[in-house]
Amino acid sequence: MAVTIGYATRPLAGETVCGDSCGWWRSGERIVLAVADGLGHGPEAAYASEAALACIANNLSRTCEDLFADCDACLQDTRGVALAVAIIEPATGLMTVCTVGNIRVLLLCDSKDSRLDGGRGIVGAGYQNLVPETRVLAPGNVLAMFSDGLDQFPALREVFVEPGVSAKDQAQAILDHCAHNDDDASVLIYRHEF
Ligand SMILES: [Mn+2]
């Protein structure tokens, strides 16, 4: 099955590396999506966000809550990150999302957009109120996960270009339109096709 997933990242002006990292994986019957924003910016922020993704990549069969606990332990010696993880079962459309800190997750359905809010704190330095949110996706639903280097409520529908454009190009278009100059910025787009 083909999947429609793409992401784009862009460092803060003057930095050569981006402190935000995005990743996705297929493992068995699930797709795992993640966006991490390392605290601050520059190489140490990038180190933290890349460590979070590596930790997730090594534990793809775990629950969302367990992945956050794994990352919290893995990242103790880093600056820590804000993190969002989505686990999707393509066959059923069941999606579970957890977030900690300033990674935003928006689900765009036919006529209505909903935000999936999350916990507080820093993954790597402790967090509270981690509450998994579950939804059942319908074909055509779009999930956008993005760091606080973008507007809090970006006008995604105005930015989306016609179907057929790759998710990567879609993500890049969102960054071009909605990213700020004063922070690293990243966005991951998933379109449910099943
Ligand atoms: Mn940020």
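**Salt bridges, metal site and a few side chains**

Modeller: Let's start with a pair: Glu133 forms a salt bridge with Arg135, with the closest N and O atoms 3.2 Å apart. Keep in mind that this is a predicted model.

Colleague: How many salt bridges in the whole structure?

Modeller: The search finds five. One of them joins Arg79 and Glu44, with the closest N and O atoms 3.6 Å apart. That pair links distant parts of the chain. Arg79 sits in the loop between α2 and β4, Glu44 in helix α1, and they are 35 residues apart. Arg79 is partly exposed, at 36%.

Colleague: What does Glu193 pair with?

Modeller: Arg191, with the closest N and O atoms at 3.5 Å. Glu193 is partly exposed at 38%. Arg191 is partly exposed too, at 32%.

Colleague: And which residues make up a network?

Modeller: Arg62, Asp66 and Asp70 are linked in a network of salt bridges.

Colleague: Switching to rings. How many aromatic pairs does the structure hold?

Modeller: One. Phe68 and Tyr127 pair edge-to-face, 6.2 Å centre to centre, with 75° between the planes. Phe68 is in helix α2 (residues 64–74) and Tyr127 in strand β9 (residues 127–128), so the pair ties together parts 59 residues apart in sequence.

Colleague: What about the phi of Asn129?

Modeller: Asn129 has a positive phi of about 60°, although it is not a glycine. Its place is the loop between β9 and β10 (133–136).

Colleague: On to the metal. Which protein donors does the manganese ion have?

Modeller: Asp37, Asp148 and Asp183, each through OD, at 2.2 to 2.4 Å. Along the chain they follow the spacing D-x110-D-x34-D. Asp148 lies in the loop between β11 (142–146) and α3 (156–159), and Asp183 in the loop between α4 and β12, so this pair ties together parts 35 residues apart in sequence.

Colleague: Are Asp148 and Asp183 buried or partly exposed?

Modeller: Asp148 counts as partly exposed, at 24%. Asp183 is buried, with a relative accessible area of 15%.

Colleague: And where is Asp37?

Modeller: In strand β3 (residues 30–38). Asp37 is buried yet has no salt bridge. The nearest side chain of opposite charge is Arg104, 8.2 Å away. That is outside the 4 Å limit for a salt bridge.

Colleague: What does Asp37 contact, setting aside its neighbours within four places in sequence?

Modeller: Gly19, Asp20, Gly80, Val81, Ala82, Ile103, Ser147 and Asp148. Asp148 is also one of the manganese donors.

Colleague: Now Asp184. Where does it lie?

Modeller: In the loop between α4 (167–178) and β12 (185–191). Asp184 is buried and has no salt bridge. The nearest side chain of opposite charge is that of Arg10, 6.6 Å away.

Colleague: So which backbone nitrogens does the side chain of Asp184 reach?

Modeller: That of Leu12 at 2.8 Å, and that of Gly19 at 3.0 Å. Beyond four places in sequence, the residues touching Asp184 include Arg10, Pro11, Val17, His41 and Ser147.

Colleague: Last one: Cys178. What is it in contact with?

Modeller: Leaving aside neighbours within four places in sequence, Cys178 contacts Gly149, Leu150, Asp151, Pro154, Ala155 and Val159. Cys178 lies in helix α4 and counts as buried at 5%. The C-alpha atoms of Cys178 and Gly149 are separated by 8.4 Å, and the two residues are 29 apart along the chain.

Note on methods: Residues are numbered from 1 along each chain as its sequence is written. This is a predicted model: local features need pLDDT of at least 70, side-chain atom pairs count only at pLDDT 80 or more; totals for chains, interfaces and linings use all residues. Side-chain values use heavy atoms; hydrogens and water are left out. Helices (H or I, at least four residues) and strands (E, at least two) are DSSP runs, numbered from the N terminus. Buried means under 20% relative accessible area, exposed over 50%, partly exposed in between (1.4 Å probe, protein chains only). Lys and Arg count as positive and Asp and Glu as negative; His and the chain ends are not counted. A polar contact is a pair of N or O atoms within 3.5 Å; within protein, one must be able to donate a hydrogen and the other to accept it, and residues adjacent in sequence count only if both atoms are side-chain atoms. Contact means heavy atoms within 4.5 Å. Donors are N, O and S atoms within 2.8 Å of the metal (3.2 Å for Na, K and Ca); water is not among the atoms, so sites may look incomplete. Rings of Phe, Tyr and Trp (its six-membered ring) pair if their centres lie within 6.5 Å; planes under 30 degrees apart count as stacked, over 60 as edge-to-face and the rest as tilted.
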